[in-house]
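Welcome! Let us take a friendly walk through some local details of this structure.

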Amino acid sequence: MRLLLAIATATVLTSVAATPASTSPAAPAPGLASTTSHYVSMGDSYTAGATILPVDLRYPLCHPSLVNYPHLLAEHISTVPDSALSSFDDMSCAGNTTADLAGGLTPQYRALRPDTDLVTLGIGGNDIGLLGYAVACLVHLCPDDPGTGGPAPEATPAPEDMADRYAGIVRDVRDRSPHARVVLVGYPTTIRAGGCPGVQPVGSAAADRIRDRVTRLNDAMRSAAEHTGAEFADLEGPSHGHDACAPPETRWVEGVVPTGGSAPLHPTRLGHAAFAEQIAALLE
């Protein structure tokens, strides 16, 4: 895919441009380009591209990467001559929970307008304490595994309990942007079944528990999409084999010890390029 090739070979340049970073994406279908004039991206660090340079300095409290999947998707949409895309707002912010969509220091809903016609949303991991859970598992103290002697689970929603929350978010978006196409973006495979102890310091049982938690959250998101008429972008399936156990040159999710510019256990530059391709394919 040309997006993958472009990002894999791109030179990292410091930029504060408000427009998406330049790649060489495959031309999108005319229908998608001609029907999308205002695109809003919302999400957490998995969407924002935490620590991946260059960053968008228009959002100083969040610093979303200019090569995250929303920016690449926006460029993908804008590449054809008759593209209607005139504005794009990436509101994604590391550390955000679903509560930060409407409140907090950088409420993400504020970018939604009556004429917004595309919204992508990738959030929920912080609600269920996904990263903290994974870190605990790294030291063999998975909170919900009584066999490890780990601490009791924190008072966070179970992944499957997020379905109603996601459905409420879709309704909130449609209240503000009634004509928007809403896409819930799932989480990728972080680590493969059984783990890879020789590559990443995660035991087999812990790896499976982390995977199960991600799958349950994705299932909740998929269920909400089905019940609200939104769309679901599955990143878990396509990222099999590109998880933290894969070689750095084919890795879509960074390992415990970063080898590039991505945060630990977060999508890499290559991963964001692949996710943009996956979402574009769904939209088209």
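## A charge over a ring

A charge counts as sitting over a ring if NZ of Lys or CZ of Arg is within 6 Å of the ring centre and within 35 degrees of the ring normal. Here Arg-213 lies over the face of Tyr-133, at 4.5 Å from the ring centre.

This is a predicted model, where local features need pLDDT of at least 70, side-chain atom pairs count only at pLDDT 80 or more, and totals for chains, interfaces and linings use all residues. Residues are numbered from 1 along each chain as its sequence is written, and side-chain values use heavy atoms, leaving out hydrogens and water.

## Aromatic pairs

Rings of Phe, Tyr and Trp (its six-membered ring) pair if their centres lie within 6.5 Å; planes under 30 degrees apart are stacked, over 60 edge-to-face and the rest tilted. That rule gives four aromatic pairs. In one of them, the ring centres of Trp-252 and Phe-275 are 6.1 Å apart and the planes meet at 85 degrees, so this pair is edge-to-face. Trp-252 lies in the loop between β5 and α8, and Phe-275 in helix α8, so the pair ties together parts 23 residues apart in sequence. (Helices, H or I of at least four residues, and strands, E of at least two, are DSSP runs numbered from the N terminus.)

Both Trp-252 and Phe-275 are buried, meaning under 20% relative accessible area with a 1.4 Å probe, protein chains only. Ring pairs link these two and Tyr-69 into a cluster.

## Backbone points to look at

Most residues other than glycine have a negative phi, and most peptide bonds are trans. In the loop between α3 and α4, Thr-51 has a positive phi near 75 degrees. A cis peptide bond joins Leu-53 and Pro-54, with omega about 0 degrees.

Notes:
Buried < 20%, exposed > 50% of the residue type's maximum accessible area, 1.4 Å probe, protein only.
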